[in-house]
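Biologist: I have a chain open on the screen and would like to go through it with you. Shall we take it element by element?

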Amino acid sequence: MPYATIVVPAYNASATLPATLASLSAQTFRDFEVVIIDDGSIDDTALIASIHAASDSRFRVLHQFNRGLAGARNSGIAEAQGEVIGFCDADDLWMPEKLATHVDHLLGKPDVGISYSGSAMIDEAGQRIGHAQRPRLYGVTPAHVFKRNPIGNGSAPVIRREALAEIAWRPASEMKRDWIFDETFRQSEDIECWMRLCLCTDWIIAGVPGLLTEYRVNSTGLSANVDAQLASWERMVSKLRPTASEFFARYEAAARAYQLRYLARRAVSSGDGETACALIARAYRESARPILEEPLRSVSTLLAAHATARFGDLPMTLARSVLRVARA
């Protein structure tokens with residue numbers, strides 16, 4: 001039985017899947033398996049996964065009709081044999097030392113249920129773009145998760161199987177396996193899952209130093225659709241509010257302001273200054289907590305939104321050029 005399982009949800013990922021699987025094969029911690037879930041792909045994803053599995057016996061491929069990211073992860077968890085389970089989306093990469101670092105962290109901290117790391121942003125060509133998610137690593141409370149989601153993205157965490165088991169349930173419509181991630185969500189399924197674990201169990205969430213994940217930024221992906229993302233976040237809040245009414249009464253306005261600020265930054269990245277201005281204005285009407293707690297990031301987002309509204313994507317283009325020169 002392998003100690004760790006890495007679940008790779010893959011849907012029409014033929015362009016990026018080879019690099020993802022190669023990064024997992026290169027892990028310095030060797031006692032693991034990889035379960036690739038071909039989620040109803042219609043490109044060469046299944047073929048690429050099968051070829052890699054034939055060359056590395058630790059990899060196996062499961063095929064299913066498309067159930068979305070949450071459904072693919074749930075299928076992978078159901079098939080996992082490991083004591084700890086990590087996730088790597090089919091367009092992201094793991095650094096060679098990532099799994100070893102998380103395994104050591106979880107072995108040394110028996111009260112930690114989710115271990116995560118920072119992530120470097122990469123573009124569609126796999127090149128680092130100079131931005132990174134550098135989250136809070138210690139003293140993480142449910143309020144921190146709600147407001148800032150330090151885990152950051154779905155390829156960052158490695159989680160104890162027993163922690164996942166505590167939040168598992170089986171809907172009446174499900175005949176084969178439990179749900180960990182809510183399959184009715186096509187966005188915000190990560191934060192919904194982390195919040196359930198925070199609010200309904202005693203497990204601690206904590207991070208490890210380093211940018212151990214490379215997270216691919218895709219301007220045409222789900223994360224770029226700010227309207228749908230906001231609606232999904234609001235649905236998550238509505239679903240979980242009854243489980244911890246006092247918690248949501250205290251933190252919901254501030255968390256909404258942080259979410260709106262994040263979406264404003266996404267709009268800036270997409271060159272949509274008008275939307276960015278509307279989002280950031282709404283954020284600070286909801287709550288002043290982001291300004292008080294993170295003044296530099298809050299002010300810079302406000303300025304970037306108005307600059308983009310006035311000059312289009314020129315400010316972001318110049319900023320990216322400066323970063324490219326700095327890295328050269």
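Biologist: Over how many bridges do strand 2 and strand 3 pair, and in which sense?

Modeller: A caution to begin with: this is a predicted model. Strand 3 covers residues 59-64. Ile37 of the pair stands opposite Leu62 in strand 3. The two strands run in the parallel sense, and the number of bridges is 6.

Biologist: Through which helix does the chain cross from strand 2 to strand 3, and what is the hand of the crossover?

Modeller: The link is helix 2, residues 45-55. It makes a β-α-β crossover from strand 2 to strand 3. The hand of this crossover is right-handed.

Biologist: How many bridges join strand 1 to strand 2?

Modeller: Strand 1 spans residues 4-10 and runs parallel to strand 2. Val7 stands opposite Val35 in strand 2. The count of bridges joining strand 1 to strand 2 is 7.

Biologist: Why is strand 2 described as largely enclosed by the rest of the structure?

Modeller: Look at both faces of the strand. Phe32, Val34, Ile36 and Asp38 point one way, Glu33, Val35, Ile37 and Asp39 point the other way, and all are buried. Buried here means under 20% relative accessible area. Strand 2 (residues 32-39) is largely enclosed because the buried share is 8 of the 8 residues.

Biologist: Where is Asn12, and what is its phi?

Modeller: Asn12 sits in the loop between strand 1 and helix 1. Its relative accessibility is 31%, so Asn12 counts as partly exposed. Asn12 is not a glycine, yet its phi is positive, at about 45°.

Biologist: Which loop holds Asn149, and what is its phi near?

Modeller: Asn149 is found between helix 5 (142-148) and strand 8 (158-160). The residue is other than glycine, and its phi is positive. The value is near 40°.

Biologist: Which residue takes a positive phi in the hairpin of strand 6 and strand 7?

Modeller: Strand 6 (residues 112-122) and strand 7 (residues 128-133) run antiparallel, joined by 3 bridges. Ala120 has Ala132 as its bridge partner in strand 7. The hairpin has 5 residues between the strands. The residue with a positive phi, near 85°, is Gly126.

Biologist: What volume does the second largest pocket have?

Modeller: Start with the lining. It includes Ile37, Leu62, Phe65, Lys176 and Arg177. Strand 3 and helix 3 (68-79) each supply at least two residues of it. The volume of the pocket is about 210 Å³.

Biologist: How many residues of each class line the second largest pocket?

Modeller: The lining has nonpolar, polar and charged residues. Among them are His63, Gln64, Arg67, Ser75, Ala78 and Glu79. By class, the counts are 4 nonpolar, 3 polar and 4 charged.

Biologist: How many disulfides does a search of the whole structure find?

Modeller: The cut-off for a pair of cysteine sulfur atoms is within 2.5 Å. The search of the whole structure finds 0 disulfides. Cys200 is in none, and the nearest cysteine sulfur, that of Cys198, is away by 9.5 Å.

Biologist: Is Cys277 buried or exposed?

Modeller: Cys277 has its place in helix 10 (residues 273-286). Its C-alpha atom is 37 Å from that of Ser14, 263 residues apart along the chain. The relative accessibility of Cys277 is 14%, so it counts as buried.

Biologist: How far apart in space are Ser300 and Arg265, C-alpha to C-alpha?

Modeller: Ser300 lies in helix 12 (residues 295-311). Ser300 is partly exposed, with a relative accessible area of 32%. Ser300 and Arg265 are 35 residues apart in sequence, and their separation in space is 9.6 Å.

Note on methods: Residues are numbered from 1 along each chain as its sequence is written. This is a predicted model: local features need pLDDT of at least 70, side-chain atom pairs count only at pLDDT 80 or more; totals for chains, interfaces and linings use all residues. Side-chain values use heavy atoms; hydrogens and water are left out. Buried means under 20% relative accessible area, exposed over 50%, partly exposed in between (1.4 Å probe, protein chains only). Helices (H or I, at least four residues) and strands (E, at least two) are DSSP runs, numbered from the N terminus. Two strands pair if DSSP finds at least two bridges between them. A crossover is right-handed if, with the strands pointing away from the viewer, the path from the first strand over the helix to the second runs clockwise. On a 1 Å grid over the protein atoms alone, a cavity is a set of points where a 1.4 Å probe fits but cannot get out, and a pocket is an open set with protein on both sides within 12 Å along at least five of seven lines; lining residues have an atom within 4 Å of a point. Grid points are joined across faces, edges and corners, and a volume is the space filled by probe spheres set on the points. Ala, Val, Leu, Ile, Met, Phe, Trp, Tyr, Cys and Pro count as nonpolar, Asp, Glu, Lys and Arg as charged, and the others, Gly among them, as polar.
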